[in-house]
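Please keep the sequence and the structure in view while reading.

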Amino acid sequence: MGYKILAVDDDPKVLKILNHTLTREGFLVSCASNGFEALELARENKPDLVLLDVMMPGMDGFETLRKLKEFLDVPVIILSARGDEIDRVVGFRMGVDDYQVKPFSPMELSLRVKAVLRRSTPPGIKDKKVLKYGQMTIDYNKRVVQNGERTITLTPKEFELLWLMASHPNQVFTKSHLLEIIWESTYEGDENTVNVHIRRLREKIEDIPSKPVYIKTVWGTGYKFEYQ
């Protein structure tokens with residue numbers, strides 16, 4: 001799916017399950033076995049979501065969360081072997097987006113991750129409100145796209161699709177990923193919707209739609225916004 005997930009847990013077996021489950025779903029997963037390692041990876045990789053264990057030696061999950069929020073605004077799902085209400089209250093007061101009690105169902109956890117990502121601001125929007133690629137400018141706040149002196153009129157879905165891809169240049173998005181994020185749909189039969197919107201985007205932003213410069217097809221996989 002393209003999103004970067006940071007999984008933090010001091011139990012190697014749990015990390016193995018998280019890595020296997022989320023990688024199988026198409027996420028890019030990095031793993032940390034303690035809070036110190038988690039903060040280092042978060043600074044390096046800028047994950048789109050963090051799965052964070054509460055009970056860890058050295059630096060517990062809440063202290064890790066506090067330090068994480070000092071430099072990165074990212075959705076967090078707390079993992080805990082305890083179902084105590086006080087843990088939930090503390091977590092949500094600190095800005096946690098969801099709470100998963102161990103032991104957990106891998107399928108349920110995967111659905112929770114996807115739900116939090118859908119509710120969250122797409123990655124890149126908080127950091128960049130205006131994107132510039134050569135002669136093209138994409139203004140998120142104004143919902144305006146310009147190519148040189150030409151203003152390009154896009155539908156809301158076309159704009160969301162362009163912004164998502166342009167804010168992640170050279171990252172490949174599968175059709176199913178785009179359906180989940182832009183249309184909040186997982187029905188594979190709707191993939192033609194993605195094809196139609198990509199075609200219309202190319203007709204509007206590309207000088208030669210049949211030879212696109214920006215929106216490239218990755219055969220057998222999906223699409224990417226390319227900029228050298």
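## Basis and confidence

The model is predicted, so that local features need a pLDDT of at least 70 and side-chain atom pairs count only at pLDDT 80 or more, while totals for chains, interfaces and linings use all residues. Residues are numbered from 1 along each chain as its sequence is written, and side-chain values use heavy atoms, with hydrogens and water left out.

The pLDDT is the predictor's confidence in each residue, on a scale from 0 to 100. Its average for the protein is 84, and 88% of the residues score at least 70. Confidence is highest in strand E11 (residues 215–218), with a mean of 94, and lowest in helix H4 (residues 85–93), with a mean of 63. Over residues 123–128 the pLDDT falls below 50, although this stretch has ten contacts in the model beyond near neighbours in sequence. Where pLDDT is low, the predicted coordinates should not be read in detail.

## Overall composition

The protein has eight helices and twelve strands. Helices (H or I, at least four residues) and strands (E, at least two) are DSSP runs, numbered from the N terminus. Of the 228 residues, 46% count as buried, a term for under 20% relative accessible area, with exposed meaning over 50% and partly exposed in between (1.4 Å probe, protein chains only).

A contact means heavy atoms within 4.5 Å. Among contacts between residues at least 6 apart in sequence, 56% join residues at least 24 apart.

## Helix H6 and its partners

Helix H6 (residues 156–166) packs with helix H7 (residues 175–183) at an angle of about 120°, their axes being 10 Å apart. Axes are lines fitted to C-alpha atoms, for helices over the stretch in contact, and angles run from 0 to 180 degrees between N-to-C directions. H6 and H7 are therefore oblique to each other; angles under 35 degrees count as roughly parallel, over 145 as roughly antiparallel, 65 to 115 as roughly perpendicular and the rest as oblique. On the H6 side the contact involves Lys 157, Glu 160, Leu 161, Leu 164 and Met 165, and on the H7 side Leu 178, Ile 181, Ile 182 and Trp 183. These residues comprise seven nonpolar, no polar and two charged. Nonpolar covers Ala, Val, Leu, Ile, Met, Phe, Trp, Tyr, Cys and Pro, charged covers Asp, Glu, Lys and Arg, and the others, Gly among them, are polar.

The axes of H6 and helix H8 (residues 191–205) come within 10 Å and cross at roughly 85°, which makes H6 roughly perpendicular to H8. The H6 residues in this contact include Leu 161 and Met 165, and those of H8 include Ile 198 and Leu 201. By class, the contact has six nonpolar, one polar and four charged residues.

Within H7, the buried residues are His 177, Leu 178, Leu 179, Glu 180, Ile 181 and Ile 182. Their cover includes H5, H6, strand E10 (173–174), H8 and strand E12 (222–225).

## Helices H1 and H5

Helix H1 (residues 12–24) and helix H5 (residues 106–119) have axes that come within 10 Å and cross at roughly 60°, which makes H1 oblique to H5. Ile 17, Leu 18, Thr 21 and Leu 22 of H1 meet Pro 106, Leu 109, Ser 110 and Val 113 of H5. This contact has six nonpolar, two polar and no charged residues.

## A buried loop residue

Val 54 lies in the loop between strand E3 (49–53) and helix H3 (61–69). Val 54 counts as buried because its relative accessibility is 3%. Val 54 and Asp 9 are 45 residues apart in sequence, and their C-alpha atoms are 8.2 Å apart in space.
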